[in-house]
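This briefing goes with the structure shown below. Please keep the view open while reading the notes that follow.

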Amino acid sequence: MSTHRDLSHRGSARGTVLRTVGTRERRSHLSAPRVPTVGIDIGGTKVMAGVVDADGAILEKVRTETPDKSKSPKVVEDTIVELVLDLSDRHDVHAVGIGAAGWVDADRSTVLFAPPLAWRNEPLRDNLQSRLAVPVMVDNDANTAAWAEWRFGAGRGEDHLVMITLGTGIGGAILEDGRVKRGKYGVAGEFGHMQVVPGGHRCPCGNRGCWEQYSSGNALVREARELAVADSPVAHGIIERVKGQVPDITGPLITELAREGDAMCVELLQDIGQWLGVGIANLAAALDPSCFVIGGGVSAADDLLIGPARDAFRRHLTGRGYRPEARIAKAQLGPEAGMVGAADLARLVARRFRRANRRRVERYERYERYAQAFRGGAGGLTGRTVRDRNTATGGTARPTEEPEA
């Protein structure tokens with residue numbers, strides 16, 4: 001497996017081996033333990049993993065391609081396990097967070113549906129937890145990216161935030177008062193499949209006129225290729241750039257040409273931005289957030305996209321002129337947001353384990369003191385008692401001396 005590694009720190013500590021985790025997650029990030037955790041970002045073509053500290057800094061990052069000929073659950077799980085164990089050789093890892101491109105149930109344990117992969121009702125959390133022997137948290141990648149932007153990026157200080165991720169499609173997430181709003185079944189935030197044009201372009205989801213068919217990377221590339229195939233005079237610049245190979249037209253190329261002043265590419269990004277603003281105005285009417293954060297690969301176009309979006313938002317906002325307008329900001333953490341957010345959310349799970357583990361150790365210490373008193377106060381612990389204690393606590397090194405958050 002070919003792996004790319006990005007190191008900002010190398011430690012000599014062997015990863016801590018944790019055995020169990022409580023089923024209920026504590027939600028407050030303010031009192032979560034300040035321990036390193038691993039975040040995983042899973043896409044259709046790559047798996048990226050990183051060790052992240054409590055301040056959102058990436059200590060080390062590794063990345064590998066998902067095997068081309070097999071995207072079965074077992075193959076992807078093997079890839080995740082290999083990356084986590086590799087990182088654990090150099091870092092004291094306390095938990096693992098997964099950001100998956102798909103629907104994750106409300107318990108954050110099962111991937112219900114992941115179009116880029118072969119996951120259908122896949123119990124990903126339990127499968128990985130049994131192999132890694134650390135607490136594992138699974139969530140939608142847009143939720144983890146939104147959490148990262150709220151904690152460390154463009155959404156800091158906001159109590160009602162909506163994130164929109166523009167990639168090949170449109171994803172999204174909702175945060176209110178420091179909590180991700182996942183909905184009853186865990187699949188809230190699928191903004192891309194709101195219907196904005198009745199009878200419009202067919203969407204892979206099966207419906208017509210979905211928002212992502214008008215404001216996404218796919219929409220941008222589709223419009224440019226249609227003009228190129230028609231040999232439109234306005235498309236001659238991009239046709240020359242790809243030497244007539246229309247399939248070579250990509251979103252990053254369109255953005256690059258727009259920055260160079262190509263009129264067609266500028267206009268296409270304006271169109272995408274205007275549709276983005278229309279959708280944001282609809283979301284503002286429904287959710288009334290204080291801030292919209294725009295992330296994903298298409299957001300790299302900066303004001304070529306977000307400027308038209310702000311203008312369209314103001315024109316289509318319900319009650320415009322008589323209500324406060326939400327702030328629209330570009331995401332700050334880039335493609336690593338999902339990984340950072342997954343790691344930070346996993347810290348909440350790590351706290352639950354640490355407290356349960358400490359109580360378990362204290363319980364065995366009380367038992368040992370009672371056993372010693374019963375035997376007549378023998379000085380020191382017997383070898384058998386020490387072995388029993390290490391076995392019961394999973395062999396973790398001096399867990400009672402770990403600092404509280």
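How many disulfides does the structure hold? The structure holds zero disulfides, a disulfide being a pair of cysteine sulfur atoms within 2.5 Å.

This is a predicted model, in which local features need pLDDT of at least 70 and side-chain atom pairs count only at pLDDT 80 or more, while totals for chains, interfaces and linings use all residues. Residues are numbered from 1 along each chain as its sequence is written, and side-chain values use heavy atoms, with hydrogens and water left out.

**Overall make-up**

- The protein has ten helices and 14 strands; helices (H or I, at least four residues) and strands (E, at least two) are DSSP runs, numbered from the N terminus.
- Of the 405 residues in the protein, 50% are buried. Buried means under 20% relative accessible area, exposed means over 50%, and partly exposed lies in between, with a 1.4 Å probe and protein chains only.
- Contacts are heavy atoms within 4.5 Å. Among contacts between residues at least 6 apart in sequence, 68% join residues at least 24 apart.

- Cys203 is in no disulfide, and the nearest cysteine sulfur, that of Cys205, is 3.7 Å away.
- Seen from Cys205, the closest cysteine sulfur is in Cys203, and the 3.7 Å between them is too far for a bond.
- Cys203 is buried at 3% relative accessibility, whereas Cys205 is partly exposed at 40%.

**Helix α6 and its surroundings**

- Helix α6 (residues 251-259) and helix α7 (residues 263-287) have axes that come within 7 Å and cross at roughly 115°. Axes are lines fitted to C-alpha atoms, for helices over the stretch in contact, and the angles run from 0 to 180 degrees between N-to-C directions.
- The crossing of α6 past α7 is left-handed, meaning that the near helix is turned anticlockwise from the far one by less than a right angle; clockwise would be right-handed.
- On the α6 side the contact is made by Ile254, Thr255, Leu257 and Ala258, and on the α7 side by Cys265, Val266 and Leu269.
- Six of these contact residues are nonpolar, one is polar and none is charged. Ala, Val, Leu, Ile, Met, Phe, Trp, Tyr, Cys and Pro count as nonpolar, Asp, Glu, Lys and Arg as charged, and the others, Gly among them, as polar.
- Gly251, Leu253, Ile254, Thr255, Leu257 and Ala258 are the buried residues of α6. They pack against α4 (217-229), α5 (236-241), α7 and α8.
- After α6 comes Gly261, which has a positive phi near 100°.

**Aromatic pairs**

- The structure holds four aromatic pairs. Rings of Phe, Tyr and Trp (its six-membered ring) pair if their centres lie within 6.5 Å; planes under 30 degrees apart count as stacked, over 60 as edge-to-face and the rest as tilted.
- One of the pairs is Trp147 with Trp150, which is tilted, at 5.1 Å centre to centre and 55° between the planes.
- Trp147 and Trp150 are three residues apart in helix α3 (residues 141-152), so about one helical turn separates them. Trp147 is buried at 2% relative accessibility, and Trp150 is buried at 12%.
- The pair of Phe292 and Phe313 is edge-to-face because the ring centres are 6.1 Å apart and the planes are at 65°.
- This pair links distant parts of the chain, with Phe292 in strand β13 (residues 291-295) and Phe313 in helix α8 (residues 303-316), 21 residues apart. Phe292 is buried at 0% relative accessibility, and Phe313 is buried at 2%.

**Loop residues**

- Ala95 sits in the loop between α1 (73-88) and β5 (96-100) and is buried, at 0% relative accessibility.
- Ala95 and Leu132 are 37 residues apart in sequence and 9.4 Å apart in space, C-alpha to C-alpha.
- Most residues other than glycine have a negative phi.
- Arg108 is not a glycine, yet has a positive phi of about 55°. Arg108 lies in the loop between β6 (103-104) and β7 (111-114) and is buried at 9% relative accessibility.
- Asp302 also has a positive phi, near 55°. Asp302 is in the loop between β13 and α8 and is partly exposed, at 31% relative accessibility.
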